[in-house]
Amino acid sequence: SYTVTVASYGGAAVGNYEITTAEGEVVLKITPKELTIDDIVYAPVDESEDGIYDGEAHAITASVNSGSLCGEDIVTLRVLYNGYESAPVNAGTYTVTFEITDNANYAIAEGTGFELTVAKAKVSVSGADATAVYTGEAFAEDEIIKAVFGEADLSLVNVGISYGESGKAEQAGDVATLTLTLKDEANYEFKSGTKTTYTFTVTAGTVSISGENATAQYKGTAY
């Protein structure tokens with residue numbers, strides 16, 4: 001704000017008037033120029049950014065379009081995510097807003113900003129229902145997991161195993177049910193169509209008996 005006072009009088013007809021000054025003041029107020037989202041150029045810091053959780057920060061770089069500034073003015077922006085300077089890492093939706101750090105002649109218009117979404121990363125695990133032949137001993141959990149998933153990467157999932165009434169996978173007909181859950185549900189989700197429940201079944205063993213047809217001569221008593 002600026003106070004306006006009369007410093008002097010002039011003009012060809014000034015001598016024809018008696019000029020007096022009343023006490024008081026006139027305030028001239030110059031308001032900052034407001035910048036909207038149309039005045040701001042922004043983009044991901046990493047141009048390869050795809051908006052999917054990857055354990056890294058998803059930062060935005062922003063500047064004011066030079067055509068929106070007066071003369072040679074310079075304006076520096078601070079980018080905020082939900083009100084904080086730290087760029088988001090975890091999956092979620094964040095409100096991106098801006099602050100001017102170095103020029104009081106400009107202001108960010110109310111409501112200027114946009115939403116940044118970091119999507120959950122997709123997880124897919126390959127496996128297949130499995131069977132194993134009865135051995136006389138209960139199958140260990142690592143054996144069951146190996147039979148169902150082989151060499152699949154299980155680093156992002158938990159594998160829960162439940163059994164029937166016997167509480168183990170030992171006798172023929174025993175079934176173990178394997179269920180996959182995510183270790184980090186906040187940042188990951190299963191890819192559509194991913195199977196998350198499998199079975200491991202113990203089957204009966206086979207017995208092989210060898211022999212030959214035989215004859216015997218009658219001897220009057222039972223053999």
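User: Which residues make up the covered face of S13, and which make up the uncovered one?

Analyst: In this predicted model, the covered face of S13 consists of Ala176, Leu178, Leu180 and Leu182, while Val175, Thr177, Thr179 and Thr181 make up the uncovered face. Residues are numbered from 1 along each chain as its sequence is written, and side-chain values use heavy atoms, with hydrogens and water left out. In a predicted model of this kind, local features need pLDDT of at least 70 and side-chain atom pairs count only at pLDDT 80 or more, whereas totals for chains, interfaces and linings use all residues.

User: What makes S11 and S12 the edge strands of their sheet?

Analyst: The open sheet has 4 strands in the order S11-S15-S13-S12, with mixed pairing. Strand S11 (130-133) and strand S12 (157-163) are its edge strands, since each of them pairs on one side only. As a general point, strands of a sheet pair through backbone hydrogen bonds, either parallel or antiparallel.

User: How do you know that helix H1 packs on the sheet, and which strands are involved?

Analyst: Helix H1 (residues 141-149) touches S11, S12, S13 and S15, where a contact means heavy atoms within 4.5 Å. The direction of H1 makes about 115° with that of S12; such angles run from 0 to 180 degrees between N-to-C directions, along lines fitted to C-alpha atoms, for helices over the stretch in contact.

User: Why does Val79 count as buried?

Analyst: Buried means under 20% relative accessible area, exposed means over 50%, and partly exposed lies in between (1.4 Å probe, protein chains only). Val79 has 13% relative accessibility, which is under 20%, and therefore counts as buried. Val79 is found in strand S6 (residues 77-81), and among the residues it touches, leaving aside those up to four places away in sequence, are Ile60, Ala62, Tyr84 and Phe98.

User: What makes the contact between Arg78 and Glu99 a salt bridge?

Analyst: A salt bridge requires a side-chain nitrogen of Lys or Arg within 4 Å of a carboxyl oxygen of Asp or Glu. For Arg78 and Glu99 the closest N and O atoms are 2.8 Å apart, so the pair falls within that limit. Arg78 lies in strand S6 and Glu99 in strand S7, and the pair therefore ties together parts that are 21 residues apart in sequence. Together with Glu85, these two residues are linked in a network of salt bridges.

User: Why is Lys122 called exposed, while Glu189 is called partly exposed?

Analyst: Lys122 has a relative accessible area of 55%, which is over 50%, so the word exposed applies. The side chains of Lys122 and Glu189 meet in a salt bridge (2.5 Å, N to O), and the pair links distant parts of the chain, with Lys122 in strand S10 (residues 121-123) and Glu189 in strand S14 (residues 188-190).

User: How do you know that Asp39 has no salt bridge?

Analyst: Lys and Arg count as positive and Asp and Glu as negative, while His and the chain ends are not counted. The nearest side chain of opposite charge to Asp39 is Lys33, at 6.1 Å, which is not within 4 Å, so no salt bridge is assigned to this buried residue. The side chain of Asp39 does reach the backbone nitrogen of Thr36 at 2.8 Å.

Note on methods:
Pairing = 2+ DSSP bridges. Helix = DSSP H or I, 4+ residues; strand = E, 2+ residues; numbered from the N terminus. Polar contact = N/O pair within 3.5 Å; in protein donor to acceptor, adjacent residues only side chain to side chain.
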